[in-house]
Amino acid sequence: MHPCTDQSILELHEIISTVAHSFTATLSTNLLQHPPLIDETHQCHGSLQAPNAVHEPEQESFGEEKDDSLYPSPLRAFKELSAHYGISAKLVKNILNYGYQMPTPVQSTTLPLLLEGPAYRHHGKKWHRHSPGTGSHLITIAPTGSGKTLAFLIPIFSSLYQERYVQLKENPSSTLKEDGPYAVVLAPTKELAYQIANEGRKLALNTGIRISVMTKGMRIGSTRDGEEAESEDNDEETGAGKCNPNAPVVKSHVLVSTPMAMLNALREEDGSVIDLKSTRFLVLDEADILLDPLFREQTIAVCKAHTSPSLRVSLWSATMSSSIQELAESLLTPHPGPTFRIIIGLQDSALPTISHKLTYCATEQGKLLALRQLLAPTAPSSRSNATQSLRPPFLIFTQTIARAKALHAELRYDIPAAAGGSSRIAALHSELPDRMRSRIMADFRRGEIWVIITTDLMARGLDFAGLNGVVNYDVPNSAATYVHRAGRTGRAGREGGVAVTLFTEADVPYVRSIANVIRTSEKAEGKEVLSVPDWLMECLPAPSKQAKKDLKLHGVKERRSGKEAMISTKSSYDRRARVKKMEMRGAKGRVGKSRALEDKDDQGEAAD
Ligand SMILES: Nc1ncnc2c1ncn2[C@@H]1O[C@H](COP(=O)(O)OP(=O)(O)OP(=O)(O)O)[C@@H](O)[C@H]1O
């Protein structure tokens, strides 16, 4: 990594203190309720630097008189967007319609850079004035729920809107160029892609800008002729269809996609990947997972397909290891323009504003008992700090799909019929058909489903405003995964969220790194009583490098597959009898489609 210069550190502190000051001076009602978000800024240990520049502070001289600061001033209020950056009143109105008057720290810091660009850039040992708006690339690491989505969407919409304005001035009957997308946003899951597109639609209101989610079978722009794809207005509706040359062409200005869907759309029949010359903005949301081996090949292929010299790339996440940052920088090398790295708050740390609980359960059976206690509506609420029930809605994370299904089968009837029974609890994983995934997400957002049992599919980016808690039924496979899973609660500085991690004897070697991220963030927050006490830290062994790697790749060994990886309090005799009964009911045609799917889960369980 490139060293942080005194200059950049000074500048950063200046920015941070100005931002913090403006926050305390004129807090919006929304942020007033969430002071921790501000504290994170106060305690920002960060760097704002151009990693591509060779910093030699003593020898530096300025190409011009330096009468300005190195970086643009932070944004203090969304209203400034119009006056300082020429953002259209329509767009500012749409932003204000969200109900936020004040930008969050990540928005405050990154928006000026993305909208205006750095005031100066380093070139050949000299600082040169940078023409405003010239492309800079960004690597941003900021806590979960800190408003990164709006931070990357606003510059895209502003630039698009300005381009449209210029075009309309030249030719009043012209429409925006539709020879391919103007912006592409990559996200690791369909659920997150829909969420981003929905946020974008709120910004796009009355602007004529179109934003779509890339789904199976869609093709891009006018690279080939074809029927235009329907623009999607639905929340989490998914299209399904095979990719073929006659498939509908999506002509939206902003495309949101998983790397695989994008790559499929860019692939010609002969296997080659078409160039996207139209794209000016490429955003990698949850960039560290997109560059993880799981998605790396597809993500890099999509990045390489973007060949415009004016392309501006930005990468965003709450966690990013130094090796991923290096990979990100190498990905940016072919694109002209400086790269900035912005870190808000403590890097890779869990939210200190939520309550973190590590609960030792000894065995798998113990975990099930502990979970049932959390679910029990009669137990005292976790909010009163006594043990132990968790107020819905909440998420339960398991290590594998098979375990999510099995846990669902186990808990399905635990919610009393009077409270809605089995309809209140669902399993969501990638084996479900798209439509069912969308339906579960929509029902959860509407409050009809209270508990979702899921895998790490839902660990990243998803924003449920009222989520009260997260249960790690199975320990996460890395500290970063813990940060993201726990970060589904306590969004936008909201307090009262709970993250419970149940662990058994088999998990003991893996709990220390989770305990560390919790303690570090709480210490930085100045908490006197830490969620993980010293005595527990002393009991937790430090895992070897190999054990950590193994855990990250495959999860805890005992839960990967096979009989011992299953979750149940029922004997196999009971389970088989139950499956038989279900089958008989199915034969009588009394079970609907969703019940049939549940039965399939049971069969899987019985087969194991
Ligand atoms: N300026 C603001 N003031 C108050 N709330 C905001 C502001 N900007 C965004 N939010 C809200 O904060 C919540 C979290 O935002 P967002 O989903 O963008 O977080 P994120 O940083 O991308 O989190 P993650 O790392 O988990 O993906 C959302 O509900 C969003 O509407």
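How far apart do the C-alpha centres of domain 1 and domain 2 lie? In this predicted model, the separation between the two centres is 30 Å. The domain assignment builds domain 1 from three segments, 79–118, 134–222 and 248–343, while domain 2 is made of 355–376 and 389–559.

It is worth looking at how these domains meet. On the side of domain 1, 15 residues are in contact with domain 2, which contributes 18 residues of its own. The size of an interface is often given as the accessible area lost when the parts come together. Here the area buried between domain 1 and domain 2 is about 1,300 Å², with carbon and sulfur atoms giving 49% of that area. Within domain 1, the residues that lose the most area to domain 2 are Thr144, Glu191 and Gln195, and together these account for 40% of what that side buries.

Two elements, helix 8 (190–204) and helix 10 (287–290), each give two or more residues to the side of domain 1 that touches domain 2. Of these, helix 8 provides the largest share, 4 residues. By residue class, this side of domain 1 divides into 4 nonpolar, 6 polar and 5 charged residues. The salt bridges between domain 1 and domain 2 number 5. Elsewhere in the list of charged pairs, the side chains of lysine 552 and aspartate 292 form a salt bridge with an N to O distance of 2.7 Å.

Turning to the ligand, 20 residues surround it, and the closest are Tyr100, Lys148, Thr149, Asp463 and Arg491. For one of these, arginine 491, a polar side-chain atom lies 2.6 Å from a ligand oxygen atom. The backbone takes part as well: a backbone N or O atom of glycine 145 is 2.7 Å from an oxygen atom of the ligand, and a polar backbone atom of glycine 147 is 3.2 Å from a ligand oxygen.

Salt bridges in the model come to 23 by count.

Key:
Residues numbered from 1 in each chain as written. Predicted model: local features only at pLDDT ≥ 70, side-chain atom pairs only at ≥ 80, totals over all residues. Heavy atoms only, no water. Domains from an automatic or database assignment. Contact = heavy atoms within 4.5 Å. Buried area = accessible area lost by both parts, 1.4 Å probe. Salt bridge = Lys/Arg side-chain N within 4 Å of Asp/Glu carboxyl O. Nonpolar A, V, L, I, M, F, W, Y, C, P; charged D, E, K, R; others polar. Near = heavy atom within 4 Å. Polar contact = N/O pair within 3.5 Å; in protein donor to acceptor, adjacent residues only side chain to side chain.
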